[in-house]
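User: I would like to learn how to read the features of a structure, one at a time. Please give the general idea and then the case at hand.

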Amino acid sequence: MKVSQRTVRLELTEPLRISRSTMAARDAIWLAIEHQGTRGYGEAVTSTYYGLDVARLGRLLYEAGRDLARCATPDSALDALRAGELPAPGTPPAVTAAVESALLDLAGKRAGVPVHRLLGAPEAPYAATARTIGITSYRAAAEQARLLTRRGFSVLKIKAGAPDPEDDLDRVLAVRNAAPHARLLLDPNGAWSPALADTLLPRYAALGVEAVEQPLAPGDPEALAALAARSPLPVIADEDAVGFEDARRLAGRVHGINVKLAKCGGVTAALRIADLLAGSGTALMLGCLTASTLGLAPAVHLADRARWTDLDGHLLLAHDPWTGIGGTDGTVRAGGEPGLGVRPVHGAPPSGEEPADGETAGQETPEPARDGEAAQ
């Protein structure tokens, strides 16, 4: 198998502010795996929160490509990945997720079936996705809410964690008045103390907020579980639930867990967490980082398994270089075409990739984007 990669810049339509950072752009690396003339694609994006800049991502994908080149077929590579034999131990989950995405895309194309069929779902999954509203003025938030609901969005996720908690409450009230029938999710990205959460959660419940995501600073899952036990509205773990062991620790103790493929390690890891949560009383949320359609597509093929779907990262981009999962009307849909069912906007597959298993001299490496874990 031949492996190559390409670095691109993803610009947002407007800067997105969350409690810990503001992001205007981030970099992505597209991984291509080719076997007998067929290519599969995956994407990994930079993240300051997870310590992944372009240089580190490129090096890790180069190393993963070198391991993949030793596999005889895409199927044997997928088997090795699912067995934990590749990528190498210690590889960040975002890299593993990108490798698995490319292998699934390739396997689906070779078999002539969409990825969801490979995963056991006979029908193409679809789901109403949340659409994020960042920390902004209440007037701007209200206008966004009106526009989004007119386009078909029924779920809005509002970022919180402003220095003055009353600003967040004003923003949520403005959104509620502008979109009275929308389901509202709240995400402070860990900005609150337990005492502040106890004060604020009843007020958000009174505004009709459906659930709150990671209200407390990550690092103390016991405190999050204790808050969930006394909260007047559902508490969803995100930053405190990175992988399987985190999910196991919190299963049955919080109301939901936000599973992001780049956070947990890809489709196989996400399905393990979904199986763990089944019947536990903790619901599955599917989330994402800001990424292109290519980066979000694998999660869309799992969308029918989640109570909450938050797969709008591609909708925040000024120009999404890929297409195929929808979302502009508030619903994401897995395609029926072989593989991930996505394609480059400009027709032909991306050109100019640099080998991931050979020299990469001459490749332009943009400055790292100013980013947090933004979007979700």
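Analyst: Start with the elements: helices (H or I, at least four residues) and strands (E, at least two) are DSSP runs, numbered from the N terminus. Asn189, for example, is found in the loop between β7 (183–187) and α7 (194–206). This is a predicted model, in which local features need pLDDT of at least 70, side-chain atom pairs count only at pLDDT 80 or more, and totals for chains, interfaces and linings use all residues. Residues are numbered from 1 along each chain as its sequence is written, and side-chain values use heavy atoms, with hydrogens and water left out.

User: Is Asn189 buried or exposed?

Analyst: Buried means under 20% relative accessible area, exposed over 50%, and partly exposed in between (1.4 Å probe, protein chains only). Asn189 has a relative accessible area of 4%, so it is buried. Its backbone also deserves a look: Asn189 has a positive phi of about 50° although it is not a glycine.

User: What is the phi of Gln214, and where does Gln214 lie?

Analyst: Gln214 has a positive phi of about 40° and is not a glycine. Gln214 sits in the loop between β8 (209–213) and α8 (221–230). Gln214 is buried because its relative accessible area is 0%.

User: Which peptide bond is cis?

Analyst: The bond from Leu86 to Pro87 is cis, with omega near -5°. Pro87 belongs to the loop between α2 and α3.

User: How do I read a polar contact, and which side chain does Asp310 join in one?

Analyst: A polar contact is a pair of N or O atoms within 3.5 Å; within protein, one must be able to donate a hydrogen and the other to accept it, and residues adjacent in sequence count only if both atoms are side-chain atoms. The side chain of Asp310 makes such a contact with that of Lys157, at 2.6 Å. Asp310 is placed in the loop between β12 (308–309) and β13 (322–323). Its relative accessibility is 0%, so Asp310 counts as buried.

User: Which residues does Asn258 touch?

Analyst: Contact means heavy atoms within 4.5 Å. Leaving aside residues up to four places away in sequence, Asn258 touches Glu213, Ile236, Ala237, Asp238, Ala241, Lys263, Met285, Leu286 and Gly287. Asn258 lies in strand β10 (residues 256–260) and is buried, with a relative accessible area of 0%. Asp238 is 20 residues from Asn258 in sequence, with 5.0 Å between their C-alpha atoms. A polar atom of the Asn258 side chain is 3.1 Å from the backbone nitrogen of Gly287.

User: How many aromatic pairs are there?

Analyst: Rings of Phe, Tyr and Trp (its six-membered ring) pair if their centres lie within 6.5 Å; planes under 30 degrees apart count as stacked, over 60 as edge-to-face and the rest as tilted. The whole structure has 4 aromatic pairs. One of them joins Tyr49 and Tyr50, edge-to-face, at 5.1 Å centre to centre with 85° between the planes. Tyr49 is partly exposed at 34% relative accessible area, and Tyr50 is partly exposed at 25%. Trp30, Tyr41 and Trp322 form one aromatic cluster.
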